[in-house]
Amino acid sequence: MENIEDFIINSRVLLEAPENSNWVCNYEQIKGTLTIIIDPLAQNNQRIAGLKQFINSFNNENNNCSIKIKAQCDIIIICPIDHNKSNGTAIFEIVNRGAMLLWNLFNNIPLSRPTEIVNFGDSFLMQQGFTYIAFGWQTDLQLRPFLLKANIKIENNNNNLNNNNNLNNNNNLN
């Protein structure tokens, strides 16, 4: 079973409603790191692509020791400051290649290369009071501050940690 081990807020930015906009209220952008623990032997995790092959390879190299997978994932939350004006609905996107595509789609923003600056487009989500949450999961992305990604570490029963390179060099989980 997956467990949330930690949530660290790295930054909070006030997104003020533009003058003459129809936003329900000002918004806040929260960027953080969510750390989750993945049990590679749990039944519900057996569908994760490449996990079984990775575990077999890891066990062969490390004398069948037990392991746990720790994922530190980038997360961004864009939400109304006044929770009473929220519509109570969150749109949750597990992003592909680090880019927030649903944000662009719902706010009528032409798809382009992601940038560090949040573009509001026609502000549909802010006008309707939605919360938007985007979660990075891929480990092999370029190091750019605007891409949401993950850092995977392997912990064995001797508490030795291995980083993304071992995953990418063996059988990548992505």
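How many residues of strand β5 (residues 131-135) are buried?

## Strand β5

The count is 5 of the 5, so β5 is largely enclosed by the rest of the structure. Here, buried means under 20% relative accessible area, exposed over 50%, and partly exposed in between, with a 1.4 Å probe and protein chains only. Strands (E, at least two residues) and helices (H or I, at least four) are DSSP runs, numbered from the N terminus.

This is a predicted model, where local features need pLDDT of at least 70, side-chain atom pairs count only at pLDDT 80 or more, and totals for chains, interfaces and linings use all residues. Residues are numbered from 1 along each chain as its sequence is written, and side-chain values use heavy atoms, leaving out hydrogens and water.

Thr131, Ile133 and Phe135 point one way from β5, with Tyr132 and Ala134 going the other way.

## Strand partners

Strands pair if DSSP finds at least two bridges between them. β3 (residues 67-80) runs antiparallel to β5, joined by 4 bridges, and Ile78 has Tyr132 as its bridge partner in β5. With β4 (residues 90-94), β5 pairs in the parallel sense over 5 bridges; there, Ile94 sits opposite Phe135.

## Aromatic rings

Searching the whole structure turns up 5 aromatic pairs. Rings of Phe, Tyr and Trp (its six-membered ring) pair if their centres lie within 6.5 Å; planes under 30 degrees apart are stacked, over 60 edge-to-face, the rest tilted. Trp23 and Phe120 have ring centres 5.0 Å apart and planes at 75 degrees, so they're edge-to-face.

Trp23 is buried at 8% relative accessibility, while Phe120 is partly exposed at 21%. Ring pairs link both of them and Tyr27 into a cluster.
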